[in-house]
Amino acid sequence: TQSTWGLCKAVCVGMFGFCPTIVRRVQSIAPRQLKAALESGATAHFIDVREPQEVSIAHIDKFKVFPLSQSSTWVEKLAQSISPSDPIYVMCHHGMRSMRACQLLETRGFKQVHNVDGGIDKYSVEIDPSIPRY
């Protein structure tokens, strides 16, 4: 029923900050596309949603750390500080948390949000083996 659907959406948004059934599919990019974006010099924002202890093991310099677990403290600040049309590249360990973060950012009006497929682990394997795997 309509009221059950409303309750489901409310619970989903309350738990995850978004409802996957009402958010469009996130655009994923391959590690080679991320490498090109990092090297392009164009205006873009790079967000790592892993926890600080993970970032201390492996990181990419241009990425700013905004842990998904603390999204309630940074999403609105980000929405007020950058243009919704600026490209945003989001990364985590394997790509699942970053996908959730991308969906959350899209619900806040960001238009060019890109999930790094396979996260930093795949980037390490395909692009930069000097980045430790864990």
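The buried residues of helix H6 are covered by parts of the chain that include H2, E4 and E5. In H6, which spans residues 119-126, those buried residues are Gly119, Ile120, Asp121, Tyr123 and Ser124. Do keep in mind as you look around that this is a predicted model.

- Five strands make an open sheet with parallel pairing, and their order is E1-E5-E4-E2-E3.
- Strands E1 (27-29) and E3 (64-65) are at the edges with a single partner strand each, so one side of each has no neighbour in the sheet.
- Four bridges link strand E4 (residues 87-91) to strand E5 (residues 112-116), and the two pair in the parallel sense.
- Within this pairing, isoleucine 88 sits opposite valine 113 of E5.
- Helix H5 (residues 96-107) packs on the sheet and touches E1, strand E2 (45-48), E4 and E5. The direction of H5 makes about 175° with that of E5.

**Around alanine 44**

- Alanine 44 belongs to the loop between helix H2 (31-40) and E2.
- Leaving aside residues up to four places away in sequence, alanine 44 touches Pro87 and Tyr89.
- Serine 85 is 41 residues from alanine 44 along the chain, and 9.8 Å separates their C-alpha atoms.

**Aromatic pairs**

- How many aromatic pairs does a search of the whole structure find? The search finds three.
- One of them is stacked: phenylalanine 46 and tyrosine 89 are 5.3 Å apart centre to centre, with 15° between the planes.
- Phenylalanine 46 is in strand E2 and tyrosine 89 is in strand E4, so this pair ties together parts that lie 43 residues apart in sequence.
- Phenylalanine 46 counts as buried at 8% relative accessibility, and tyrosine 89 is buried too, with a relative accessible area of 13%.
- Phenylalanine 66 and tryptophan 74 form a tilted pair, at 5.3 Å centre to centre and 40° between the planes.
- Phe46, Phe63 and Tyr89 together form one aromatic cluster.

- Aspartate 48 is part of strand E2 and is buried, with a relative accessible area of 1%.
- The side chain of aspartate 48 is joined to that of arginine 50 by a polar contact of 2.7 Å.
- Not counting residues up to four places away in sequence, aspartate 48 touches Val55, Phe63, Lys64, Val65, Phe66, Pro67, Met91 and Cys92.

**Nonpolar cores**

- The largest nonpolar core holds 17 residues, and Val49, Ile88, Val90 and Leu105 have the most contacts inside it.
- Helix H4 (71-81), E4 and H5 are the elements that give two or more residues to this core.
- Which element gives the largest share of this core? That is H5, with four residues.
- Leucine 105 touches Ile47, Trp74, Leu78, Ile88, Val90, Phe110 and Val113, again leaving out residues up to four places away in sequence.
- Another core, of 14 residues, lies apart from the largest one and includes Ala37, Leu38, Ala58 and Phe63.

Terms used. Residues are numbered from 1 along each chain as its sequence is written. This is a predicted model: local features need pLDDT of at least 70, side-chain atom pairs count only at pLDDT 80 or more; totals for chains, interfaces and linings use all residues. Side-chain values use heavy atoms; hydrogens and water are left out. Two strands pair if DSSP finds at least two bridges between them. Contact means heavy atoms within 4.5 Å. Axes are lines fitted to C-alpha atoms, for helices over the stretch in contact, and angles run from 0 to 180 degrees between N-to-C directions. Buried means under 20% relative accessible area, exposed over 50%, partly exposed in between (1.4 Å probe, protein chains only). Rings of Phe, Tyr and Trp (its six-membered ring) pair if their centres lie within 6.5 Å; planes under 30 degrees apart count as stacked, over 60 as edge-to-face and the rest as tilted. A polar contact is a pair of N or O atoms within 3.5 Å; within protein, one must be able to donate a hydrogen and the other to accept it, and residues adjacent in sequence count only if both atoms are side-chain atoms. A nonpolar core is a set of buried Ala, Val, Leu, Ile, Met, Phe, Trp, Tyr and Cys residues joined through side-chain atoms within 4.5 Å.
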